[in-house]
Amino acid sequence: MSQTLNIQNLHASVDGIEILKGLDLEVPKGEVHAIMGPNGSGKSTLSKVLAGHEDYEVTDGRVTMDGTDLMELEIDERSREGLFLAFQYPHEIPGVSNANFLRAALQARLPEGEEIDAVGFYKEMYAKMDALSMDRKFTGRAVNDGFSGGEKKRNEILQMMMLEPSYAILDETDSGLDIDALKIVAEGVNRMRSPERGFLVITHYQRLLDYIVPDVVHVLFDGRIIKTGDKELAHELEEKGYDWLTNELVAV
Amino acid sequence: MADSATLEAVNIDNEAGNFTYPEDYEHDAGYGLTADTIDYISDIKKEADWIREFRHKALKSFNNKPMPTHWASKDLENIVFDNIRYYLSKGQKPTRSWDEVPDDVKETFERLGIPEKERKFLAGVEAQFDSEAAYSNVKESLEKEGVIFVNSTEGLREHPELFKKWFGKVIPTGDNKFSALNSAVFSGGSFIYVPPGVKVAHPLQAYFRINAENFGQFERTLIVVDEGAEVTYMEGCTAPKFETATLHSAVVELVAMKDAKIQYITVQNWSNNVFNLVTKRGMAHENAEIRWIDCNIGSRLTMKYPGVIMKGRKARGEVISIALANDGQHQDTGAKMIHAADETTSNVVSKSISVGEGRSTYRGQVHIPKHLKGCKNNTECDALLINSNSRTDTYPAITVRGNQHATQHEASVSQVSEDQIFYMQQRGLSEGEAMSLSVNGFVNDLVREFPMEYSVELKRLIDMEMEGSVG
Ligand SMILES: Nc1ncnc2c1ncn2[C@@H]1O[C@H](COP(=O)(O)OP(=O)(O)OP(=O)(O)O)[C@@H](O)[C@H]1O
Ligand SMILES: [Mg+2]
């Protein structure tokens, strides 16, 4: 079976307005792909469509994850099948502690009747928090409730590290992070890179890609991938902006 | 976190409660309520004349009082009093041994896990099946200390000197239409007396089970805790899902003498056809404390406003309530705090959750008269709405006269947004799990106040209810 996240001719709209207009993309396991693109081009829309958000209607196309038709699955089934989305704007869950939330998410992955081992769980969580330089007090605090922008992003990465997905989409995880935090988070991601895992990293800035070096870079523009290249493409974009590409597009 | 054995032991859920056994009753008062019904009940119970008279007077009061539909729910008008049976029993006395309980009744309580709980963490148990207790037992050590834990019939018959003094005094018959109804046809419930200085370490539990259709359960509970004594009482309720309406209308009176403490915990899980119209009030004497912990899950309509009359200096009253209104349910709950002495303190914390078409209403009353000094009240009402059709209303009435008091009132309404649920589902939780985690998060700070066994049980009930609310 193909070990890849495969997106073919994806069309999706919200409130009748088409946002994704025939998007093709393939992220094989073991690779890190970056997506760059101007504001409003559809990057977050793509991530939410993949995760199954109900506001978005998929009107055409096909998405498979390791051969499984993703669009046939519920939101939570996609997650348990191994898809993870680090949100651009993570939501707050008042009253539910970070530890309880993670525990519930891990418990949901166990077969009926099996209980998570509490001691092992805490040990693992603490180790991963240490790696992200997160204070222990965050285990008892309600999920993202009152967290600073950077703390929320770091918390997303903690969740990713705990859930160990097969495919992780990071939607602008770098925005809101200070320089030190950026390095810490990037290290966390790099440590998770493996032949068993694919990454789709959405960002506006070359800087993140200095730390998380991508195998492939895509440019998303107006709901389509208009260019694909290696890591040099990101440098080129940083220098020339998107106009260079869109002009090229018009010329064609 | 409890181990799975404990979890199982305290598990009462909607589905587990949804079963019924064929009717097999020795005594059946038949449909409708007349003076004859009352004589029928009084005869079976071989009651003293004063009780029979008390009942007849109460029936008159019930008939004379209008339905409180002008301020409460119009749904009350759908109760057809003539279609209800007011007394059903097997004609046997409560036993002290589960082995002597009739098979169908015993199986009922076994399925609900009561005998197991008793072994694990209870000091005494009373199990009521329709109108009468089938089983009643209290630990011998407590009995030796003079603790009395019996049903209302036995309490009034065997210990009139202890109970007559307070019976109907905290909640007069004519308090409201349903307290009058209960006073006319009451049967079952617990009568508890704790002698001075005795601190009952483990909870006493009563379990109320409705088995029959077209039936009304009217238990009557009176708990008198003498000077410096302490007790925790817990009641649980279930009924099977019937097509027709079932009525549950209890009266609960608590008396805490000087320095005494009473904690009364309810975890109610009625099925959707039950009208649950209950009057609960306590009287706290000097430096005494009465605490109501009230969890209302299920029922078609619940109207319940536990109260405390703080009669002695430095008395304390508290109501902590959690109400969960799902589709087709209306939880109309609240608290009544009557300050009647100096330096009395009351605290009301109410959390309600409305799901789908569910509706919850908070009604509070805090009364502090002008001539008193140094009284305090704190009232907090928080409502959580899950999906836009839900409805919540808050009617706090805080009457404070004079300027020597401190009161504080806070209210909030919050929503579980679709995006919050999406976020949780993205981490692998089902929609139901996501909702119940949100709800548990919302009530979490209150649940922490409960004895562990009950907080686990409440969590299970919330999980069941939220799972059930997802289409
Ligand atoms: N729920 C929605 N309702 C209406 N319009 C929407 C909705 N979601 C997205 N859009 C529109 O779709 C377009 C793409 O939005 P999206 O969030 O995917 O952009 P993006 O590429 O992630 O941008 P940014 O770089 O600013 O994060 C925008 O024009 C946005 O306004
Ligand atoms: Mg975006």
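Mentor: One term to begin with: a salt bridge is a side-chain nitrogen of Lys or Arg within 4 Å of a carboxyl oxygen of Asp or Glu. Keep in mind that this is a predicted model.
Trainee: Okay. How many salt bridges are there between chain A and chain B?
Mentor: The count there is one.
Trainee: Which residues form the salt bridge?
Mentor: A:Glu156 pairs with B:Arg427. Their closest N and O atoms are 2.7 Å apart.
Trainee: And how many residues of each chain are in contact?
Mentor: On the chain A side, 33 residues. They meet 19 residues of chain B. The area buried between the two chains is about 2,100 Å². Carbon and sulfur atoms give 63% of that.
Trainee: Switching topic. What are the protein donors of the magnesium ion, ligand 2?
Mentor: A:Ser44 through OG, and A:Gln88 through OE1.
Trainee: Is A:Ser44 buried or exposed?
Mentor: Buried, with a relative accessible area of 19%. The cut-off for buried is under 20%. A:Gln88 also counts as buried, at 15%.
Trainee: Now helix H4 of chain A. How many residues does it have?
Mentor: It has 14, residues 118–131. From first C-alpha to last, H4 reaches 20 Å, close to the 20 Å expected at 1.5 Å a residue.
Trainee: Which residues of H4(A) are buried?
Mentor: A:Phe121, A:Met125, A:Lys128 and A:Met129. Seen down the axis of H4(A), the buried residues fall within an arc of 100 degrees, so they line one face of the helix.
Trainee: What covers them?
Mentor: The cover includes helices H3 (98–107) and H5 (149–163) of chain A. The face turned away from the buried side carries the exposed A:Val119 and A:Lys123.
Trainee: What follows H4(A)?
Mentor: A:Ser133, whose phi is positive, near 50 degrees.
Trainee: Last one, in chain B. Where is B:Val439?
Mentor: In helix H12 of chain B, residues 431–447. B:Val439 counts as buried, because its relative accessibility is 0%.
Trainee: What does B:Val439 touch?
Mentor: Leaving out residues up to four places away in sequence, B:Ile353, B:Leu384, B:Ile386, B:Ile462 and B:Met466.

Key
Residues are numbered from 1 along each chain as its sequence is written. Chains are lettered from A and ligands numbered from 1 in the order in which they are written. This is a predicted model: local features need pLDDT of at least 70, side-chain atom pairs count only at pLDDT 80 or more; totals for chains, interfaces and linings use all residues. Side-chain values use heavy atoms; hydrogens and water are left out. Helices (H or I, at least four residues) and strands (E, at least two) are DSSP runs, numbered from the N terminus. The expected span of a helix is 1.5 Å times one less than its number of residues. Buried means under 20% relative accessible area, exposed over 50%, partly exposed in between (1.4 Å probe, protein chains only). The arc is that of the directions from the helix axis to the C-beta atoms. Contact means heavy atoms within 4.5 Å. Donors are N, O and S atoms within 2.8 Å of the metal (3.2 Å for Na, K and Ca); water is not among the atoms, so sites may look incomplete. Buried area is the accessible area (1.4 Å probe) that two parts lose on being put together, summed over both.
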